[in-house]
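Please look over the model shown below with the following notes beside it.

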Amino acid sequence: MNLAARCLAIGFMFAVGLFAEPCAAEQRVALVIGNGAYRSVPELRNSRNDADDISEQLKRLGFSVIDGRDLDRSAMQVALGRFAQRLKGSDAGLVYYSGHGLQINGQNFLVPVDLKLDDGAFTPFEMVRLDDVVEALSYTDGVRLLVLDACRDNPFANSLAQNKGSRGASMTRGLAKIERSQGMLIAYSTQPNAVAADGSGRNSPFTAALVREMQVPGLEVATVFRRVAVNVYRETGGAQTPELSVSLLQDFYLNPQESDVGAWQKLGPSASAAGLKAFISRFPTSVMVDAARARLDAIENASERERLVREYAEKERRLRQELETAEAGYRKAASELAERRERDARERVADTKSGGPPVAITSPAPAGANTGSAPEIAARTRDDSEQQMKEQAAKAERERLASQVAAFEADKARLAEERRALELAMSERLAKAQAERERAEKRLAAETERLPVFALDQQRTIAPPAAAATPRRAASTCQEINARAQLGDISAADRDILQRGCR
């Protein structure tokens, strides 16, 4: 079937100038419609908010979005036609609808804002068939996604039930399950034939949960909607359970960025401090952040301890070298001083044996004394002067050597005291670092124990929790696991919880 024939088949191509827009290929294309301002019934307060928030998230995720708010039947048809054109050659097509929807004789319809009650005198031809939306999605050869937050409590129900012109049509407020779903993912805000809540906040419970989950990176699209279903079930106290129909032939990621779980798994048990810091910065709200911080503390404490050990070793080496230098200087000075004293002693002995050096006469000789000749007197005076100079030099050398020995002894004592102080300080710092490391390791074990089941399954090598009796689970936890089980999203760990803790 060519493009014109398919457009004719869904009955949208009668609008003037519709084919003026080229069929540009888009990687990801979305149609987002929010109908709230109904003209014949009270306004749906949250439909526009729902559509606005979903549209914003889709644009952030790389979708080319066709937006429609409060559309009448004609405008809905035109929007579907534009959407079908853009889908050709795309990788994915998504339709999100927020507003009233109903089924007649098992056939689903989306309600435009211009549908009039007129005492129930309206027909299905005044609405938009959901089958036409499915047909529009078939224009992509890629992934097809249909998201329906359309099962609101419908004021059109009573009017249609009383409509005598409906030829006995059987009407239900909720949507019927779509059978032509091969190759598609269809997410309903509630189960078939049931009614969904509009919500008391900005969004309906279904859309509020979907907006949150779309921001989580790295989740396969089916997982996204299963998590939405669990959240809606929990937040509505079990009053509303979304339904999911999946027949996709490939994985698809609304938010293709890496998830915190994937990033945590890649880090592994030998993650570096830089890797853990990057994880904390990238996923600040992840449930694994506390465990990441605990591991980072353990690594940093170990690094600090290693730094202290290196610092102590370097200081100890420097002090040892200075002490060895001082010891060598002391030995040299002490040896020179001893040699100087021995030499002085030998000279004194030699002088004594030879009768001693001539003694210089400094007082006038008595009259008539035989003082000798002038040359003899001059020689004795010179010898006396040389001897005095020699003794003075020897004394000065002894004093210098004694001072040097004393200085080296003081250096030895100072360095020994510095070494003792260093050993004491480093011992205290290392003990503190070791205590902090032990606390960090205990915290790491505790935080790893608190990780959710899906994270622990991938990170058992980090810190396996100690064997202990399985505690009884809270009723809300059991309800959530039961809800996931009904949706087919249950792990072996969940089954174990059900068996042991949900009795």
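1. H9 and H10 are roughly antiparallel to each other, because angles over 145 degrees count as roughly antiparallel, those under 35 as roughly parallel, 65 to 115 as roughly perpendicular and the rest as oblique. Helix H9 covers residues 273–282 and helix H10 residues 289–353, and the two pack at an angle of about 155° with their axes 9 Å apart; axes here are lines fitted to C-alpha atoms, for helices over the stretch in contact, and angles run from 0 to 180 degrees between N-to-C directions. The crossing of H9 and H10 is left-handed, a term used if the near helix is turned anticlockwise from the far one by less than a right angle, with right-handed used if it is turned clockwise.

2. On the H9 side, Ala273, Leu276, Lys277, Phe279 and Ile280 meet Val289, Ala292, Arg293, Arg295, Leu296, Ile299 and Glu300 of H10, where contact means heavy atoms within 4.5 Å. Sorted by class, this contact of H9 with H10 has eight nonpolar, no polar and four charged residues; Ala, Val, Leu, Ile, Met, Phe, Trp, Tyr, Cys and Pro count as nonpolar, Asp, Glu, Lys and Arg as charged, and the others, Gly among them, as polar.

3. The basis of these values should be kept in mind: this is a predicted model, in which local features need pLDDT of at least 70 and side-chain atom pairs count only at pLDDT 80 or more, while totals for chains, interfaces and linings use all residues. Residues are numbered from 1 along each chain as its sequence is written, and side-chain values use heavy atoms, with hydrogens and water left out.

4. For the chain as a whole, there are 14 helices and ten strands, taken as DSSP runs numbered from the N terminus (helices H or I, at least four residues; strands E, at least two). Of the 503 residues of the protein chain, 42% count as buried, with buried meaning under 20% relative accessible area, exposed over 50% and partly exposed in between (1.4 Å probe, protein chains only). Among contacts in the protein chain with a separation of 6 or more, 75% come from residues 24 or more positions apart.

5. How are H3 and H4 oriented to each other? They are roughly parallel, since helix H3 (residues 73–87) and helix H4 (residues 130–137) pack at an angle of about 25°, with their axes 8 Å apart. Leu80, Phe83, Ala84 and Leu87 of H3 make this contact with Val133, Ala136 and Leu137 of H4, and by class the contact of H3 with H4 has seven nonpolar, no polar and no charged residues. H4 is mostly covered, with seven of its eight residues buried; the buried residues of H4 include the charged Asp132 and Glu135.

6. The axes of helix H6 (residues 205–214) and H7 come within 9 Å and cross at roughly 135°, which makes H6 oblique to H7. The crossing of H6 and H7 is right-handed. By class, the contact of H6 with H7 has eight nonpolar, one polar and four charged residues.

7. Gln240 is found in the loop between helix H7 (221–235) and strand S10 (243–246), and at 3% relative accessibility Gln240 counts as buried. The side chain of Gln240 reaches the backbone oxygen of Ser189 at 2.8 Å. In strand S10 itself lies Leu244, which is partly exposed with a relative accessible area of 22%. Leaving aside residues up to four places away in sequence, Leu244 touches Leu185, Ile186, Ala187, Ala222, Phe225 and Arg226.

8. Phi of Asp70 is positive, near 50°, and Asp70 lies in the loop between strand S2 (64–69) and H3, where Asp70 is partly exposed at a relative accessible area of 21%. Asn105 likewise has a positive phi of about 50°; Asn105 sits in the loop between strand S4 (101–104) and strand S5 (107–110) and is exposed, with a relative accessible area of 54%.

Conventions: Polar contact = N/O pair within 3.5 Å; in protein donor to acceptor, adjacent residues only side chain to side chain.
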